[in-house]
Amino acid sequence: MNLLQAIDPVAFSLGPLEVRWYGVIIALGIILAFIVAQREMVKRGFHPEYLTDLLIWAVPLAIVGARIYYVIFKWDFYSQNPEKIIQIWNGGIAIHGALIASFLTAYFFTKKRGTSFWKLTDVVAPSLLIGQAVGRWGNFMNQEAHGGEVTRTFLENLMLPNWIIEQMYIDGKYYHPTFLYESVWNIIGVIILISLRKVNLRRGEIFLLYIIWYSVGRFFIEGMRTDSLYLIGDLRTAQVVSLLGIVIALILLVYRRITVKPVVHYLDK
C-alpha cells in the first residue's frame with residue numbers, strides 16, 4: 001500500500017526562483033569531494049589553493065561537457081529543436097561528458113602549472129567517486145535514472161527504508177533503485193581507492209583503477225536503466241564508453257608499468 005507522497009523535487013523557493021534538490025545535492029557532492037581531496041592535496045605537496053584554482057575552471061566546464069555529451073547523443077531531437085540546446089534547466093546532462101571535460105581541464109591545467117597530471121588525478125580519484133555517490137541521490141529526488149519495474153516485495157527484501165521504497169513508486173509501479181546501486185558501488189570504490197594509498201602503487205595507477213572500478217559498475221547498472229542514451233539501435237552509449245574506459249585504462253596500466261622510468265610511487269613527493 002502506497003502511504004507516502006513522492007518527495008517534492010523543489011527544496012525551496014526564492015521568489016520566482018525554484019531551488020531543486022537535484023542542484024542542492026550536486027553542490028553538496030562537490031563540497032564533500034573538495035574537502036576530502038583538499039586535505040590529501042596538501043599532504044602530497046600541492047599548494048593549498050591549487051585545487052580551488054582548478055575547480056574554478058573544472059566545475060563550469062564539466063557542466064558544459066555534460067550538456068554537450070547529452071545533446072550529441074540526443075541530436076535527433078535537438079537538431080529539430082535547437083533553441084532547447086541551452087535549456088539545461090529542463091534536464092539533460094550526462095556524467096560521462098562531465099568526466100571527459102574534467103579530465104581534459106585537469107590535463108591542460110597541470111601542463112600550465114608544470115605539475116603532474118597523474119599525481120593530481122591519483123589524489124582526487126576517491127573524491128570523484130564521493131561526488132558521484134552523493135550526486136546520484138539527486139536522481140532519486142527527481143525519480144529518474146531508475147531501472148525496470150519490480151515488485152514492492154522485491155524492494156522490501158533489499159531491506160530498504162520505506163522512504164526509499166515509496167520514492168521508487170512512480171506512476172503506479174515500483175522500479176529498480178539503480179541510483180542506489182551506483183551510489184553504493186561508488187562508496188565501496190572510495191574505500192578501496194583510499195586503502196590503496198597505503199599500498200603505495202605507482203603514480204597514475206589509483207586514477208586508472210578508479211576508471212576501471214567506476215566503468216565496471218556503470219556497465220552493469222546501465223543495462224538495468226530505462227532512460228539510457230543509445231549509440232546505434234540497442235547499443236547503450238554509457239556501456240560502450242564504460243567498455244572503452246576499461247580497455248584504455250588497462251592498456252595504460254600495462255604500458256606505464258613497462259615504459260615509465262624512473263618509477264615514482266603515490267607517496268613520493
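## Charges over rings

A charge is taken to sit over a ring if NZ of Lys or CZ of Arg is within 6 Å of the ring centre and within 35 degrees of the ring normal. In this predicted model, the charged end of Lys 119 sits over the ring of Phe 46, at 5.2 Å from its centre, and the charged end of Arg 113 sits over the ring of Tyr 50, at 5.6 Å from its centre.

## Aromatic pairs

The structure holds 21 aromatic pairs, where rings of Phe, Tyr and Trp (its six-membered ring) pair if their centres lie within 6.5 Å, and planes under 30 degrees apart count as stacked, over 60 as edge-to-face and the rest as tilted. Phe 117 and Trp 118 form an edge-to-face pair, 5.4 Å centre to centre with 75° between the planes. Phe 117 is buried, with a relative accessible area of 13% (buried means under 20%, exposed over 50%, and partly exposed in between, with a 1.4 Å probe and protein chains only). Ring pairs also link Phe 117 and Trp 118 into a cluster with Phe 103, Tyr 107, Phe 108, Phe 207, Tyr 210 and Tyr 214.

## A pair between two helices

The ring centres of Trp 137 and Phe 179 are 4.8 Å apart and their planes lie at 80°, so this pair is edge-to-face. Because Trp 137 lies in helix α5 (residues 117-142) and Phe 179 in helix α8 (residues 178-199), the pair ties together parts that are 42 residues apart in sequence; helices are DSSP runs (H or I, at least four residues), numbered from the N terminus. Trp 137 is partly exposed, at 23% relative accessible area, whereas Phe 179 is buried, at 2%.

## Basis of the values

Residues are numbered from 1 along each chain as its sequence is written, and side-chain values use heavy atoms, with hydrogens and water left out. Local features need pLDDT of at least 70 and side-chain atom pairs count only at pLDDT 80 or more, while totals for chains, interfaces and linings use all residues.
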